[in-house]
Amino acid sequence: MDGENCSSLAEFHLLGITNNHEIKATMFTMFLIVYLIILVANLGMIILIRMDSQLQTPMYFFLSHLSFCDLCYSTAVGPKMLVDLLAKDKSIPFYGCALQFFIFCIFADSECLLLAVMAFDRYKAISNPLLYTVHMSSRVCSMLMAGVYLVGMVDALIHTTLAFRLCFCGSNEINHFFCDLSPLFLLSCSDIQVNELALFTVFGFIELSTISGLLVSYCYIMLSVLKIYSAEGRFKAFSTCTSHLTAVAIFQGTGLFMYCRPSSAYSLDQEKIISLFYTLVIPMLNPLIYSLRNKDVKETLKKLKNKRWFY
């Protein structure tokens, strides 16, 4: 498409989750409750880890960043989606759309990589517990997190730049509740082969790195667990990984299903449902998984509950 035929859009219109006015109020109430749980649970997890000295370990350092990622990418999408369920004007500025996708992409990618880093952390804790804090020093943890956020930012910058330089010469209505790549590609009258190649290459690299890291770490974890002689010791060692495995299964399973389907199986309505799970349900589940299944977190909550705040 020639540059002369490209129109300069000032805004997009998000069509939202549904056009059924009868269920919009119910959906608003339901998703508002979900988003409030996300805020309270993830902020609570971050504050809890920062407050309690017993939780000042590498595992909880990474867990606080997991909560931060959940909080950021759900907030990039959630409030706008809630407003659009009740508002007549569902427009979003062109650069606002780009910013929304950019923030979502940074923290969704960062969470993907962070789950692999957390698996490596579990391997270090189980394989050599006496040297765990030495191997996973605060400097090492900070460098790992800097790498995670750097890759997330680079990936987000590539996709945002490529997507928002496309020509949009037809409708400006995005059939989605937030600015995602797939519905934007459908609006474009440019050749999107470069975008699709970048998506396949960069996302493929991140997914391959993450899954490889997870598999290698858990293979070493299994070998380390098998070296423990007592059944009780084996159970105790592997039980520290159950929350992480649950979070990985939910996040990776949803992500792979969302982005690795063949184009023939693509459906916008199906994508909306998966995106809802990805952007709101997972950020709500993660802190609940780690608090309900974690002895240290439950003990810290009990201490705070029993603490006399006023004298």
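Is Phe251 buried or exposed, and what is the relative accessible area of Phe251? In this predicted model, Phe251 has a relative accessible area of 1% and is buried.

**Aromatic pairs**

The structure contains 14 aromatic pairs. One of them joins Phe120 and Tyr123, whose rings are tilted at 50 degrees with their centres 6.4 Å apart. Both residues belong to helix α3, where three residues, about one turn of the helix, separate Phe120 from Tyr123. Phe120 has a relative accessible area of 31%, which makes Phe120 partly exposed.

Phe251 and Tyr278 form another pair: the ring centres lie 5.3 Å apart and the planes stand at 35 degrees, so this pair is tilted. Because Phe251 lies in helix α9 (residues 242–259) and Tyr278 in helix α10 (residues 268–292), the pair ties together parts that are 27 residues apart in sequence. Tyr278 is buried, with a relative accessible area of 5%; Phe251 is likewise buried. Through ring pairs, Phe251 and Tyr278 also belong to a cluster with Tyr73, Phe104, Phe177 and Phe178.

**Helix α3**

Helix α3 covers residues 94–127, a run of 34 residues. From the first C-alpha to the last, α3 reaches 50 Å, close to the 50 Å expected at 1.5 Å a residue. Of the 34 residues in α3, 28 are buried, so the helix is largely enclosed by the rest of the structure.

**Helix packing**

Two packed helices are described by the angle between their axes and the distance between the axes. The table gives these values for two contacts.

| Helices | Axes come within | Crossing angle |
|---|---|---|
| α5 (residues 138–163) and α7 (residues 193–226) | 10 Å | roughly 170 degrees |
| α1 (residues 21–51) and α11 (residues 295–306) | 11 Å | roughly 80 degrees |

At roughly 170 degrees, α5 and α7 are therefore roughly antiparallel to each other. On the α5 side, the contact is made by Val151, Asp155, Ile158, His159, Leu162 and Ala163, and on the α7 side by Val194, Asn195, Ala198, Leu199, Val202 and Ile206. Classed by residue type, the contact of α5 with α7 comprises nine nonpolar, two polar and one charged residues.

With a crossing angle of roughly 80 degrees, α1 and α11 are therefore roughly perpendicular to each other. Here Met45, Leu48 and Met51 of α1 meet Val297, Thr300, Leu301 and Leu304 of α11. The contact of α1 with α11 consists of six nonpolar residues and one polar residue, with no charged residues.

Note on methods
Residues are numbered from 1 along each chain as its sequence is written. This is a predicted model: local features need pLDDT of at least 70, side-chain atom pairs count only at pLDDT 80 or more; totals for chains, interfaces and linings use all residues. Side-chain values use heavy atoms; hydrogens and water are left out. Helices (H or I, at least four residues) and strands (E, at least two) are DSSP runs, numbered from the N terminus. The expected span of a helix is 1.5 Å times one less than its number of residues. Buried means under 20% relative accessible area, exposed over 50%, partly exposed in between (1.4 Å probe, protein chains only). Rings of Phe, Tyr and Trp (its six-membered ring) pair if their centres lie within 6.5 Å; planes under 30 degrees apart count as stacked, over 60 as edge-to-face and the rest as tilted. Axes are lines fitted to C-alpha atoms, for helices over the stretch in contact, and angles run from 0 to 180 degrees between N-to-C directions. Angles under 35 degrees count as roughly parallel, over 145 as roughly antiparallel, 65 to 115 as roughly perpendicular and the rest as oblique. Contact means heavy atoms within 4.5 Å. Ala, Val, Leu, Ile, Met, Phe, Trp, Tyr, Cys and Pro count as nonpolar, Asp, Glu, Lys and Arg as charged, and the others, Gly among them, as polar.
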